[in-house]
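Please look over the sequence and the model shown here. The report below covers surface, backbone and sheet features in turn.

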Amino acid sequence: HVRTYVMSELQPIDSDAGIVFTASCEAVSDAPPSEAQLSLDVYYSLSDYTASDDTQLDLQQGEKVAVLEKKLHHEMLSDKPRTEAYRSAIQNARAFIKGKVVLDVGSGTGVLSMFCAHLGGAKKVYSVEASDMADHSKELVKHNCLSAEIEVIKARAERVELPEKVDMIVSEWMGTLLIFEMMLEAVIISRDKWLKEDGVVWPSGARLFLVPCSAQQCYDEKISFWDNVYGFDFSPLKQVAQSDLFGRPIQNHIVREEDCFSKPLCILTFDTRTVTVANLELIQSNFRFEITKSGTMHGFGSWFDVTFGSIPEGYRYSPVVLSTSPQYPLTHWKQALLMLNTPLHVTKGDHIEGDITLTRHKVWRRHLRIQLRYKHSGVGVCSEEASKEFLLWR
């Protein structure tokens, strides 16, 4: 089992324990990326070290640390549904954006800033990016003759100082289960500090969905696999495999429409103009699904959508929706999967009810803990309530 941390700004720091490294963890996956996606540097820890905050990693003496720089921006730019939703929204809202001041939070390559300036007609765009990508973004802006409109600022959005208030904030902050990595916090802080009273935040609204689903292939590959390993029965390792492989949400999973046992339910919705950081600390929602077909339920699938709306009346504009639902073209987010340790055999007309809680980690502030409680009921079925905790990632 490999946990891959996508890092930026790896820096050596002095410590009583010796030489260690600190890095900003931008994303995590539970499978190693392909070699084509990576540039790889290898370091060895000279001593044990216990991380003091979420910019560091726990290390043991002699542990090999492979630092991977994933070409994440290529993945995002290649995601046509994602990028074209932003482009379409900005282009369609030109009448509103023209002559306005825009703040792009976490701008990366700067493509959204360029959309705002070139297609939206923004008078000024503050393109704020904390990573070294900001240096490349400056070159891209200059190369595309947009330096007069776009000012790239290499800084954390929470700490940046602007010379003026802005009319609009645009950002692509969404992650697994919508809010993982908590980049939304930077948007909220920027909004409260720099957005004009009648300003617009894009995306303007967001929703997170949950649905009971099957995942037979995933279950077979990760659990049934142990029944016969080169002719030997390794089934005693199933429980260990379940804890290790299913203890976290499976990211980048593809949920097909035919995998779903019910209509999806919205378990979280908010307006980015009014949501607060405090709202993100603890999120709870009840659910009750009516099963629409019989089969084996392996867990719960999840996806999100965001809306680009809230343009003031008087402008001709139709809201644009970016959805990661199985009913829409696949995005780089795909869907998330919360796998149960033991599959449930469900029958049409049964019910799955319970609640889900997303709790922000008190120390590792980018991370979440998901508590799922559920009960299966139906004709001849009345199971006891079961629960499971998922770590994303601590």
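Tyr230 counts as exposed because its relative accessibility is 79%; exposed means over 50% relative accessible area, buried means under 20%, and partly exposed lies in between (1.4 Å probe, protein chains only). Tyr230 sits in the loop between helix 7 (216-222) and helix 8 (238-245). Helices (H or I, at least four residues) and strands (E, at least two) are DSSP runs, numbered from the N terminus. Together with Phe232, Phe234, Leu237 and Val240, Tyr230 makes a nonpolar surface patch of about 590 Å². Patches are made of residues with over 30% relative accessible area and no salt bridge, with like charges joined within 9 Å and nonpolar side chains (Val, Leu, Ile, Met, Phe, Trp, Tyr) within 5 Å. A salt bridge is a side-chain nitrogen of Lys or Arg within 4 Å of a carboxyl oxygen of Asp or Glu. Accessible areas come from the Shrake-Rupley method with a 1.4 Å probe, and for residues only the protein chains shown count as cover.

This is a predicted model, in which local features need pLDDT of at least 70 and side-chain atom pairs count only at pLDDT 80 or more, while totals for chains, interfaces and linings use all residues. Residues are numbered from 1 along each chain as its sequence is written, and side-chain values use heavy atoms, with hydrogens and water left out.

For the protein as a whole, the secondary structure comes to eight helices and 20 strands. Of the 394 residues, 52% are buried. The protein exposes about 19300 Å², and carbon and sulfur atoms supply 49% of that area. Among contacts (heavy atoms within 4.5 Å) between residues at least 6 apart in sequence, 72% join residues at least 24 apart.

Backbone geometry comes next. Most residues other than glycine have a negative phi, and most peptide bonds are trans.

| Cis peptide bond | Omega |
|---|---|
| Trp202 and Pro203 | about -5° |
| Leu392 and Trp393 | about 0° |

Pro203 is in the loop between strand 9 (195-202) and strand 10 (205-213), whereas Trp393 lies in the segment after strand 20 (386-392).

Leu177 has a positive phi, near 55°, and Leu178 has one of about 75°. Leu177 is placed in the loop between strand 8 (166-171) and helix 6 (184-194), and Leu178 is also in the loop between strand 8 and helix 6. Leu177 counts as buried because its relative accessibility is 7%; for Leu178 the value is 0%, so Leu178 counts as buried.

Which strand order does the open sheet of five strands have? The order is 7-6-5-8-9, with parallel pairing; two strands pair if DSSP finds at least two bridges between them. Strand 7 (150-154) and strand 9 stand at the edges with a single partner strand each, so one side of each has no neighbour in the sheet. Neighbouring strands of this sheet are turned by 20° against each other on average, direction ignored. Strand 5 (residues 101-105) runs parallel to strand 8 and is joined to it by four bridges. Within these strands, Val105 stands opposite Ser171 in strand 8.

Helix 5 (residues 133-143) packs on the sheet and touches strand 6 (124-129) and strand 7, its direction making about 165° with that of strand 7. Helix 6 also packs on the sheet, touching strand 5, strand 8 and strand 9, and its direction makes about 155° with that of strand 9. Axes are lines fitted to C-alpha atoms, for helices over the stretch in contact, and angles run from 0 to 180 degrees between N-to-C directions.
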